[in-house]
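Please look over the chain shown below before reading on. The briefing that follows takes up its nonpolar cores, then its strands, and then a patch on its surface.

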Amino acid sequence: MLAYVEGRVLEVSENACVLLSAGGVGYEIFLPAHALANLPEKGAAAAFFTCLVVREDAQELFGFSTWDERQTFQVLIGITRVGARTALAILSQFRPDDLRRIVTDDDVMALTRVSGIGKKSAQQIFLELKYKLRASGQPALLPPDMNRPGTVYRDALTGLVNLGYEEDAAALVLRDALAAEPDLDVGGALRAALKALARGK
């Protein structure tokens, strides 16, 4: 899959830009509103992580400033009845961290701020998003530095799972522990998580 494109900004439209690669290929890339607003002037260099969406009647390339945002887009288009354009509209309104906070705060109605999403749709999207955020094997919406193998978070989570704890519960407790004390090492994170799990958190 085409996952990254860099080149010079050739043209800009209402919701996309054309990026001319060094090989002479021009890519039309649909972008979130904040990425469009921060585009350099025509002729200047730009680069995006990309996701190619193939439909029966079209192939469209969507671009993002960060890998985290690109992965979040992929999670969003996996939600029932959320197409690529709706996912892009959501990411134009909310950054990945905003979506994490919406789920943490159970702020369903925040999603109605996205054009085209009503109360009923917001509830459906929220429920699936909440599930995908908390489901095991869904690292796309974890904070990026926690997502890499070898981090305190990943190593401590592996330790808890090896001790027999369910990954979902262990992940939630670990995130809380590291949010409260970001400088913990693996041993410290394990101790904090084990104490919280023993309290039935």
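**Cores, strands and a surface patch**

In this predicted model, Phe94 is in contact with Leu99, Ile102, Ala110, Leu111, Arg113 and Val114, once its neighbours within four places in sequence are left aside. A second, separate nonpolar core of 14 residues includes Ala156, Leu157, Leu160 and Leu174.

**Largest nonpolar core**
- The largest nonpolar core has 29 residues, and Phe94 is among those with the most contacts inside it, together with Phe62, Phe73, Leu76 and Leu99.
- At least two residues of this core are supplied by each of S4, S5, helix H2 (67–77), helix H3 (84–93), helix H4 (96–104) and helix H5 (119–134).
- H3 gives the largest share of this core, namely five residues.

**Strand pairing**
- Strand S4 (residues 45–54) runs antiparallel to S1, to which five bridges join it, and within this pairing Glu6 stands opposite Ala47 in S4.
- S4 also pairs with strand S5 (residues 59–64) in the antiparallel sense, over six bridges, and a hairpin of four residues joins S4 to S5.

**Surface patch**
- Leu2, Leu52 and Val54 make a nonpolar surface patch of about 220 Å².
- Leu2, one of the residues of this patch, lies in the segment before strand S1 (4–12).
- Leu2 counts as partly exposed because its relative accessibility is 31%.

How values were computed
Residues numbered from 1 in each chain as written. Predicted model: local features only at pLDDT ≥ 70, side-chain atom pairs only at ≥ 80, totals over all residues. Heavy atoms only, no water. Patch = residues over 30% accessible without salt bridge, like charges linked within 9 Å, V, L, I, M, F, W, Y side chains within 5 Å. Areas by Shrake-Rupley, 256 points an atom, 1.4 Å probe, with all protein chains shown as cover. Salt bridge = Lys/Arg side-chain N within 4 Å of Asp/Glu carboxyl O. Buried < 20%, exposed > 50% of the residue type's maximum accessible area, 1.4 Å probe, protein only. Pairing = 2+ DSSP bridges. Core = buried A, V, L, I, M, F, W, Y, C linked by side-chain atoms within 4.5 Å. Contact = heavy atoms within 4.5 Å.
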